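Open the model in your viewer and keep the selection panel at hand.

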Amino acid sequence: MYFKDTGEAVFKGIGITNTKAVGKIKILKSASSEKREYSYAHNIDNEIMRTEIAIDKVANAINESSRRTMSEIGKSEAEIFEIHSMLLNDDDFLDAIKSEIRTGKYAEEAVEISAKRFENILLSLDDEYLRGRSADIRDIKNQILQALSEKEATKQDSEPYILVSDDLTPSQTVRLEKSKILGFVTFGGTPSSHTAILARAMGIPAIVGTGYISDDYDGMLALLDGAKGEIIINPSRKRKEQFENEMENEDKIALEHERYLRSLMNKPAVTRSGHKIMIYANIGDESEVSGAISNGAEGIGLLRSEFLYLSKNTYPTENELFEAYRDVAIKMQGRRVVIRTLDIGADKKIPYFNLENEENPALGYRAIRICLDRKEIFKTQLRAILRASSYGTISIMVPMIVSVDEVRKCKSIIEECKRELLSNGVEFDKKIEFGIMIETPAAAIMSDKLSSEVDFFSVGTNDLTQYTLAADRQNSMVGKICEENTEPVLRLIKACADAIHQNGGWIGICGEMAADLSLTQSFASIGVDELSVSVPYLLGVRGKVSECK
Ligand code: PEP
Ligand code: MG
């Protein structure tokens, strides 16, 4: 919508948090965006230099990945990097990019066009192996585009800003300098997409699904209203003053309410009928632990371990993982820490994993499917978790389970890791607990059988909702379906909880629904044992449980 007379532009989407922000907007387009626009004049030497720097950066990252993979996983796994290296050093490929630049193209366009041409040549060949290399060309192209956009991102202004983006991937999000961001707006996405989850964890206002916002608004002042799901760009002075007054009043009320909630912080969360619910935190890394403790987290119910992988350009080593997990365990001082094993794929793409493009990535090669297939990567993580377990109370939890068979395979790999550590005299918690996420209708339906295999369950309502309702959590066009149909998901959770409790088991909720205060009563009635939420929601959920029947 556009108000011509005042010059204000208003965009509506779905609000993620109830807070507000005022600031200049910064438009960040994804590296592969077709609608890319350039805010500077074309200069051949400059564009060639940008390309060469980006290619150097990618080549260095690839060499590093190759070296680590060779020493930690194996020679055959490292071969993929040799192919990537060869392509990057291919003079024909570089010359093609340079000649596109000389015709007036920007580096990004030149890379796109040249890569496409090479890809088409390979796809037209009879040799199946060479045809398969077209995926490597696409992968290299994406990495160069990513490196080109990172170069631009370093030019970011020092002032905090409202980030507006067509599609912010989880790997872009984890690399952002969080202290500079006042709020998020994405053209697409839904409240359970990972960008929204990260915005909640950061406690900043965010809106998803606004539709296209033009680059012309870059740098303009804007009012972001998370509760209304609205961003007003170029507001009138009157509107800005009114908005800032509202913000001030809301901050006062929020502070008052927080004081009340803090008074409940050290009391157990018990419903009026006496049902106790543990209040745990969802975190991405160790930096969130102190916030979790100061907001009364009784444990960590979900450590999204893939964030550490997303923030790197190559596979983290076993030691790096071990140190990260150990630090969380130590800081939690004996409180329980549930580490969810690597959950990549779908929207969480990591270039050095070289995942193929898929038609339906959410239904494809992701999470435990990748880990069971690429066992050495899984074992590196499991050994790191086991080693860290002697520094606190750690549990292992695996995502995206659909069958008893997968669970047994995971358990047998964990046992293999334990044996390796034992034979090397490495300490770990021999009684470490093992649990699974209920994120698929299959796991929910099989929960009675699965109960005898695991120590605990945690429901990932974000994925369980998308798979139950057949509605992609990334797609803003079906976001409303998820918002409006909680009942089928709640019924599935109730059936699971009944089956699990009958078998003497324990069930928590760690998806975004756990923080939805309008559902707390339902979870209490179902009898869930734990609610695990982002740090800014810990106090609110604890308060709400004590009001439940
Ligand atoms: C979920 O699916 O609910 C969940 C907690 O996992 P993620 O959001 O990381 O997919
Ligand atoms: Mg999930």
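How far apart do the C-alpha centres of domain 2 and domain 3 lie? They lie 35 Å apart. This is a predicted model, in which local features need pLDDT of at least 70, side-chain atom pairs count only at pLDDT 80 or more, and totals for chains, interfaces and linings use all residues. Residues are numbered from 1 along each chain as its sequence is written, chains are lettered from A and ligands numbered from 1 in the order written, and side-chain values use heavy atoms, without hydrogens and water.

Colour by domain. Select 2-29 + 155-242 for domain 1, 33-149 for domain 2 and 274-547 for domain 3; the bounds come from an automatic or database domain assignment.

Go to the boundary of domains 2 and 3. Here 14 residues of domain 2 are in contact with 13 residues of domain 3 (contact means heavy atoms within 4.5 Å). The area buried between them is about 1,100 Å², with 52% from carbon and sulfur atoms (accessible area, 1.4 Å probe, that the two parts lose on being put together, summed over both).

Next, select 461-469 (helix H18) and 486-502 (helix H20). Helices are DSSP runs (H or I, at least four residues), numbered from the N terminus. These two pack at about 115°, axes 10 Å apart. Axes are fitted to C-alpha atoms over the stretch in contact, and angles run from 0 to 180 degrees between N-to-C directions. H18 is therefore roughly perpendicular to H20 (65 to 115 degrees). Show side chains: in H18, Thr461 and Leu464 are among the residues that meet H20, whose partners include Pro488 and Leu492.

Definitions and conventions:
Angles under 35 degrees count as roughly parallel, over 145 as roughly antiparallel, 65 to 115 as roughly perpendicular and the rest as oblique.
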